[in-house]
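Dear colleague,

Please find below the structure for your review. My notes on what was found in it follow directly after.

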Amino acid sequence: MIFLKTEEQIERMRAANMLVARTLGEVAKCIAPGVTTLQLDQVAEQFIRDNGGVPGFKGYGGFPYTLCTSVNEVVVHGFPSDYALKDGDIVSVDCGAVLDGFNGDSCYTFPVGDVAPETLALLRATKESLYVGIETAVEGKRIGDISAAIQEYCESRGYSVVREMCGHGIGHRLHEDPQVPNFGRPGTGNLVKNGLCIAIEPMINLGEHQVILNGWKCVTRDGKPSAHFEHTIAIRNGKADILSSFSFIEEALKDKSI
């Protein structure tokens with residue numbers, strides 16, 4: 001069942017998503033070779049709790065951390081650990097927070113130090129495809145239109161789209177209907193209506209689209225890098241209103257932002 005949100009509920013969701021955005025900005029300040037992904041997790045949890053929120057992922061379905069930290073070939077759901085980031089790595093940091101009963105959810109893939117040009121190009125294309133999907137999310141379109149726009153943008157540039165993971169509705173619960181795949185056919189799926197709140201999150205591979213699922217962790221089968229960017233949006237006045245933000249990340253990264 002799809003729950004359309006009121007204007008008041010959308011504003012409460014915006015507050016939760018801005019907390020996530022600010023949290024990712026704090027994480028961005030720490031991204032560097034030698035920093036462990038567990039240290040990033042601790043920074044995020046402390047910031048969320050200090051600002052009146054609760055980590056949205058921690059305990060969700062048994063997930064034990066505040067962040068999903070997915071390094072290089074890990075597509076999504078990587079566990080924070082004692083792994084120290086290395087020069088040339090990429091790490092996608094997916095963060096959720098609950099504030100005033102509503103969920104925020106956003107993800108950004110960070111380069112660590114000097115990253116290979118072909119990997120940086122993957123990150124840029126994946127981030128761009130997110131905004132292509134968002135621009136397609138207008139009243140009267142269908143979810144399949146969003147999915148197809150992301151797929152066409154990425155595949156036309158030689159990248160592949162993960163099939164096993166997708167975006168989702170969001171609100172009182174982290175994952176609500178509808179599912180929002182990153183591949184599909186135009187004109188299919190649920191109708192986009194005012195009040196619809198969804199997380200759009202392209203997960204795009206440098207190599208083949210096939211993945212291996214190992215417990216929580218999802219990795220590329222060929223071991224090549226994967227990128228992941230995510231915004232939570234609401235449909236208001238017929239078009240997408242982005243409730244999350246990358247501005248705090250970009251401010252922290254300055255000239256190193258994607």
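In these notes, a residue is called buried under 20% relative accessible area, exposed over 50%, and partly exposed in between (1.4 Å probe, protein chains only). The model is predicted, so local features need pLDDT of at least 70 and side-chain atom pairs count only at pLDDT 80 or more, while totals for chains, interfaces and linings use all residues. Residues are numbered from 1 along each chain as its sequence is written, and side-chain values use heavy atoms, with hydrogens and water left out.

Helix H2

Helices (H or I, at least four residues) and strands (E, at least two) are DSSP runs, numbered from the N terminus. Helix H2 covers residues 37–50, 14 residues in total, and spans 20 Å from its first C-alpha to its last. That is close to the expected 20 Å at 1.5 Å a residue, where the expected span is 1.5 Å times one less than the number of residues. Its buried residues are Thr 37, Leu 40, Asp 41, Ala 44, Glu 45, Phe 47 and Ile 48. Viewed down the axis of H2, these buried residues fall within an arc of 165 degrees, so they line one face of the helix; the arc is that of the directions from the helix axis to the C-beta atoms. They pack against helix H1 (7–28), E1, E2 and E4, with contact meaning heavy atoms within 4.5 Å. Just after H2, Gly 52 takes a positive phi of about 85 degrees.

Aromatic rings

The structure holds eight aromatic pairs. Rings of Phe, Tyr and Trp (its six-membered ring) pair if their centres lie within 6.5 Å; planes under 30 degrees apart count as stacked, over 60 as edge-to-face and the rest as tilted. The ring centres of Phe 63 and Tyr 65 are 6.3 Å apart and the planes stand at 75 degrees, so this pair is edge-to-face. Phe 63 is buried, at 3% relative accessible area, whereas Tyr 65 is partly exposed at 23%. Tyr 65 also forms an edge-to-face pair with Phe 79, at 5.5 Å centre to centre and 65 degrees between the planes. This second pair links distant parts of the chain, 14 residues apart: Tyr 65 lies in the loop between strand E1 (54–55) and strand E2 (67–71), and Phe 79 in the loop between strand E3 (74–76) and strand E4 (90–99). Ring pairs link Phe 63, Tyr 65, Phe 79 and Trp 216 into a cluster.

Nonpolar cores

A nonpolar core is a set of buried Ala, Val, Leu, Ile, Met, Phe, Trp, Tyr and Cys residues joined through side-chain atoms within 4.5 Å. The largest has 53 residues, and Phe 110, Ile 146 and Ile 200 have the most contacts inside it. A second, separate core of 11 residues includes Ile 10, Phe 102, Leu 174 and Cys 197.

Backbone details

A cis peptide bond, with omega of about 0 degrees, joins Asp 177 and Pro 178; Pro 178 lies in strand E8 (residues 176–180). His 77, although not a glycine, has a positive phi of about 65 degrees. His 77 is found in the loop between E3 and E4 and is partly exposed, with a relative accessible area of 24%. Asn 237, another residue other than glycine, has a positive phi near 55 degrees and counts as exposed at 69% relative accessibility.

Yours sincerely
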